[in-house]
Every structure is written in structure tokens, then in C-alpha cells.
Amino acid sequence: ALCNPKDKIIVNRDCHQSVINSCILADIEPIYILSKIDKETNIQEGIDIEESKKIIDNNLDAKAILLTYPTYYGKTFELKEICDYAHKHNIAVIVDEAHGAHLGLSDRLPKTALEEGADIVIQSTHKTLPSFTQSSMIHIKGDRVDRQRLSTMLRIIESSSPSYILMSSLELAVDIYETKGNELMEELLDNIEQFKEKNKNTSFDIYNEDDKTKLFLSSKKLGMTGYELEDLLREKYNIQVELANYYGVLLICTIGNTKEDLDKLSEALEDMSNRYKKDSYIECLEYPVVIPEKALNPREAFYKNKKSVKIYESIGQICAEYVIPYPPGVSLLSPGEVITKEIIDYVILCHKKGMNINGIKDLNLEFIEIISD
Ligand SMILES: Cc1ncc(COP(=O)(O)O)c(C=O)c1O
């Protein structure tokens, strides 16, 4: 809605895959900002403000900047500073607030992207508010966005038969948000505080980031990977986490959770600390914090001829598919980027440790598709 073909959009490297898919559809050139990632936990920390300003300075012809805020793990950054800086240069700000639809419910939570000055905000209402999966919202503020053009673009990509079930569930979520949301959120935040206090001496390091509804439990001290912890919690304690990474699990608490849920989690953690402590050492996997060289734009790469080659023979070639270790779900390679040994080594290691690698068609990771033209 903001770009024409061949225009540039500045975007955090750990953006959702849908952003690159949009670049393929609309022939937009993504300019990446490297995101910070905590090596101890693999928690995505968001972008660096100064680095982002430099990238804006070097790409003043960009039509928009698109940022994920907060990150999946609940980290935020000085979004207002970026909004002001981008606007000064006539660049619109789109925020992927997929994980932050609930932020407006309490002053104890970070400011919302709209409060921080974003022009377009897209929220996955279904993730953190009580609406059905798939239901989401787009919010527009100010006059930088041509609403008519945005509607036209949405009509191109959306079904012409909207679901009244999903739309009603959004209405219900808005009603709950307005009538009971603040009260439920304050209760939840109090319960989380108590949970942290109660569990500060267990074998788990608890990370409670800027968005206090997110809890990351590191299983390192227990000598267990996050994948093992995820399985144990589900199978022995009937607790389903949001995601597991190598170092721990992420829990998303919502206004649908009660004190009993957190008590049940506390009991599980205490029990596990007593019963499952292992001697094994959880080594650190060096996450490759580099942006690969771009040989082709996503769209050019998408429509080229491709061939499958043995994975180690692909080094130096142009990648034709996504390579996305999940979690965190960040694309290490996207179509059009030059494959490096560092990335392949990391992906193979992750695969051996039990991580899912999305995007790549060969699930055994023996082969990878490259551009053959
Ligand atoms: C940062 C981010 N943006 C966008 C999405 C996609 O949202 P949805 O699943 O509501 O389509 C996700 C995850 O699903 C996400 O993690």
C-alpha cells in the first residue's frame, strides 16, 4: 500500500516471513536492519536505534520502514525515536505488532505502537486477546497512508467471502477489552509478579521482559534443552508452552489465564527441580548474526529456474528457498541471498540438536535449492 514496484522498504532482519512474501508479490526491495539476539537465551531483542538511523540515512529514498515491536519474546525499543526520525525524512512507519495487541491494557506494559507514532499497525488479535485464530486487525493513524489504496491492496490479497465467525470474535474481543480488559490485565500482572517471587530459587532462570506477560524459562541449570522441557511440561504436567528454543521455553500469559494456571506452573517447576535435574551441560550455539550478501531481490529470485544440490555444494551459490530455524522463526537465508558456510554449519548443528528448520524442502537437510540460471 505504500510502495510501488522497485521501491525500497527498510525492515528488521528478523521480520516475519510474510514481509518477504509481500516483497516478492509487489517487487519491493527489502533493506535489512540487523536485529540483536541474546546469546545466552536466543531471545530476540529488537533493533538498535543508532544502527537503524544510519540505515535510514543511507536509504532516504525508502518509502517505509517496517519494524516488529514488541518481539516474540516481549522485548521493546525506543520506537518513538525511530518514528520521529523516519517521519522527519518523509518515511512512513509500519509496525508489526503481532505480539502486542494487549499492550494498551495497562500502564505497566510498554506503550503501544500507535502511541509511539506508527502510521500503520498490524496486530494478531488472536495471539494475545480473546479472539479466534486468524483474526487480526490493522490500525491506521494520521494522513501519511492513503486509506483507499490500502483497501484496494487488501481486496487483492483477501478472500471476497469474509468470515462472520471471525469478525464476530473480534467484536467480542473488543468488548472484553473495553469492559473488563484493564481489570483482568492488572490481576494477571499481579499474578505474574507473585509467580516470579515464588520461583526465584528454583532451577529455572526466569526472564520477564519489557512486556511482562511474556515469561521465558531457561532450562540450562536443569541440564535440559528447551525442547526437553517443553515435552516434560506437556506430557507430565499438562502445560502447553508457546514455543521452545534450545535454551528454554516461552510462555505467553493472557487475560484468559487465572492464578490457578500460574500456581500449576509453579508446582510443575518445583517438582521438576527436584526430580529431573541432569548433569548434562547445555552448550552455547553461536547464532550467526550476519546478513548474507544479496545477489537478487526476493522477486527476481522467486521466478528464476532452480535446482537442488547437496547442501555443502551450495556454498557461494544463490539460495532459492528460505532457511528458517524455528524458533525464533527468523530467516537466515531468503531467496536471492548468497549461501555461506557459517550459516550452513549452524543450520546443520541446529537440526542435529532437534530444532525445526522451516522453509527448506528437504527435511533431512541433505539438499538445498539454488538458482540455476
Ligand atoms: C512477528 C510476527 N508477525 C506476523 C505474524 C503472522 O501473524 P498471523 O499468524 O496472525 O498471520 C507472526 C506469527 O504468526 C509473527 O510472529
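The paragraphs below go through aromatic contacts, charges over rings, a surface patch and the cysteines of this predicted model.

The aromatic rings come first. The model holds 8 aromatic pairs. In one of them, the ring centres of Y73 and F216 are 5.9 Å apart, and because the ring planes stand at 65°, over the 60 degrees required, the pair is edge-to-face. Y73 has a relative accessibility of 1%, so Y73 counts as buried. F216 is also at 1%, under the 20% limit, and is therefore buried.

F216 takes part in another pair, with Y207. Here the ring centres lie 6.0 Å apart and the planes meet at 65°, so this pair is edge-to-face too. Y207 has a relative accessible area of 26%, which makes Y207 partly exposed. Together with Y72, the residues Y73, Y207 and F216 make up one aromatic cluster.

The charged end of R13 is placed over the ring of Y32, at 4.5 Å from the ring centre. In a second case, K306 lies over the face of F302, and the distance to the ring centre is 5.6 Å.

Next comes the surface. L25, M153, I156 and I157 form a nonpolar patch there, and their accessible area together is about 440 Å². Helix α6 (residues 147-157) supplies the largest share of this patch, with 3 residues. I157 is placed in helix α6. Its relative accessibility is 60%, and because the limit for exposed residues is over 50%, I157 counts as exposed.

The cysteines are the last topic. How many disulfides does the model have? The count is 0. C319 has a relative accessibility of 0%, so C319 is buried. C253 is buried as well, with a relative accessible area of 7%.

Note on methods:
Residues are numbered from 1 along each chain as its sequence is written. This is a predicted model: local features need pLDDT of at least 70, side-chain atom pairs count only at pLDDT 80 or more; totals for chains, interfaces and linings use all residues. Side-chain values use heavy atoms; hydrogens and water are left out. Rings of Phe, Tyr and Trp (its six-membered ring) pair if their centres lie within 6.5 Å; planes under 30 degrees apart count as stacked, over 60 as edge-to-face and the rest as tilted. Buried means under 20% relative accessible area, exposed over 50%, partly exposed in between (1.4 Å probe, protein chains only). A charge sits over a ring if NZ of Lys or CZ of Arg is within 6 Å of the ring centre and within 35 degrees of the ring normal. Patches are made of residues with over 30% relative accessible area and no salt bridge: like charges are joined within 9 Å, nonpolar side chains (Val, Leu, Ile, Met, Phe, Trp, Tyr) within 5 Å. Accessible areas come from the Shrake-Rupley method with a 1.4 Å probe; for residues, only the protein chains shown count as cover. A salt bridge is a side-chain nitrogen of Lys or Arg within 4 Å of a carboxyl oxygen of Asp or Glu. Helices (H or I, at least four residues) and strands (E, at least two) are DSSP runs, numbered from the N terminus. A disulfide is a pair of cysteine sulfur atoms within 2.5 Å.
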